[in-house]
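This report describes the packing in one protein model. It begins with the nonpolar core and then turns to a helix, the aromatic rings and a loop.

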Amino acid sequence: MKVRNRYLLSMTIAWGLSLAVAIGFHLFALAPQMARVTALENELTDARAFHKQAIEAARKDYQARLGEAADKVHDQVSDFVLRLEAAPDLAFEIAELANRTGTESFAMKPREKQGVEAIANCDRIGAKRIDVSFTSRFHSFAALLNAVERHRPILFVETFAIHRPQVEASEPRASMELAVLVEKPHDS
């Protein structure tokens, strides 16, 4: 029995040491290599995807689709942003809207004299704010408000106020603060 116990003890020690060496080898040699293999596989997958996109981009029909998508985005942006060369005409357009809706004593002035106000995180777009005041009945006020909000490029009505007249026979005085997104000059 002693021989058998001694044999089992030596086999257990041999297997235990072999298992410890195998675990140590795995932890210190194979695991870092496996992590590196995984990282390389991810890089290879990214490179293949980039290569596929590059091949796709070289095709003429794909370039045409990208051109159409860029034109569509440009059209969408032009609904919201006033082109720099059209900025001087904006005052005339707003005055025309006021004339068509029947407002009286229409006055307009820019809020900031220096031009385009900076917008956070926007390099190419700024804001221009305009104060508008006029007298009108509610129907004309609502018509002007509707016309301003439907204007292209979009005019944002930041605030408005209607002041009751001091004299009963006169019409209410209204004021609005309008904002419009404007292209910044390319040199800024």
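In this predicted model, the largest nonpolar core has 19 residues, of which Leu90, Phe134, Leu144, Met176 and Leu178 touch the most other members. At least two residues of this core come from each of α3, β4, α4 and β6.

**Helix α3**

Helix α3 covers residues 90–101. Its twelve residues should span 16 Å at 1.5 Å a residue, and the end C-alpha atoms are 17 Å apart, which agrees. Leu90, Ile94, Leu97, Ala98 and Thr101 are the buried residues of α3. Viewed down the helix axis, these buried residues fall within an arc of 100 degrees, so they line one face of α3. Phe92, Asn99 and Arg100 are exposed on the other side of α3. The packing partners of the buried residues of α3 are β1 (81–82), β2, β4, α4, β5 (155–163) and β6 (173–183). After α3 comes Gly102, which has a positive phi near 85 degrees.

**Aromatic pairs**

Across the whole structure, a search finds four aromatic pairs. Phe106 and Phe134 form a stacked pair, because their ring centres are 6.4 Å apart and their planes are at 25 degrees, with the cut-off for stacking being under 30 degrees. Phe106 belongs to strand β2 (residues 104–110) and Phe134 to strand β4 (residues 125–135), so the pair ties together parts that are 28 residues apart in sequence. A second pair, Phe138 and Phe141, is tilted, with 6.4 Å centre to centre and 40 degrees between the planes. Phe138 and Phe141 are three residues apart in helix α4, and are therefore separated by about one helical turn. Ring pairs join Phe106, Phe134, Phe138, Phe141 and Phe160 into a cluster.

| Residue | Relative accessibility | Class |
|---|---|---|
| Phe106 | 24% | partly exposed |
| Phe134 | 0% | buried |
| Phe138 | 62% | exposed |
| Phe141 | 4% | buried |

Phe134 is one of the core residues that touch the most other members. Not counting residues up to four places away in sequence, Phe134 is in contact with Thr103, Glu104, Ser105, Phe106, Phe141, Leu144, Pro172, Arg173, Ala174 and Met176.

Which loop holds Thr103? Thr103 is found between α3 and β2. Thr103 counts as buried because its relative accessibility is 10%, and buried means under 20%. A polar atom of the Thr103 side chain lies 3.0 Å from the backbone oxygen of Ala98, and Ala98 is one of the buried residues of α3. With residues up to four places away in sequence left out, Thr103 touches Ala98, Phe134, Thr135, Ser136, Ser140 and Leu144.

Ser140 is part of helix α4 (residues 138–150). Is Ser140 buried or exposed? At 13% relative accessibility, Ser140 counts as buried. Leaving out residues up to four places away in sequence, the contacts of Ser140 are Thr101, Gly102 and Thr103. Thr101 is among the buried residues of α3, and Gly102 is the residue with positive phi that follows α3.

Note on methods:
Residues are numbered from 1 along each chain as its sequence is written. This is a predicted model: local features need pLDDT of at least 70, side-chain atom pairs count only at pLDDT 80 or more; totals for chains, interfaces and linings use all residues. Side-chain values use heavy atoms; hydrogens and water are left out. Helices (H or I, at least four residues) and strands (E, at least two) are DSSP runs, numbered from the N terminus. Buried means under 20% relative accessible area, exposed over 50%, partly exposed in between (1.4 Å probe, protein chains only). Contact means heavy atoms within 4.5 Å. Rings of Phe, Tyr and Trp (its six-membered ring) pair if their centres lie within 6.5 Å; planes under 30 degrees apart count as stacked, over 60 as edge-to-face and the rest as tilted. The expected span of a helix is 1.5 Å times one less than its number of residues. The arc is that of the directions from the helix axis to the C-beta atoms. A nonpolar core is a set of buried Ala, Val, Leu, Ile, Met, Phe, Trp, Tyr and Cys residues joined through side-chain atoms within 4.5 Å. A polar contact is a pair of N or O atoms within 3.5 Å; within protein, one must be able to donate a hydrogen and the other to accept it, and residues adjacent in sequence count only if both atoms are side-chain atoms.
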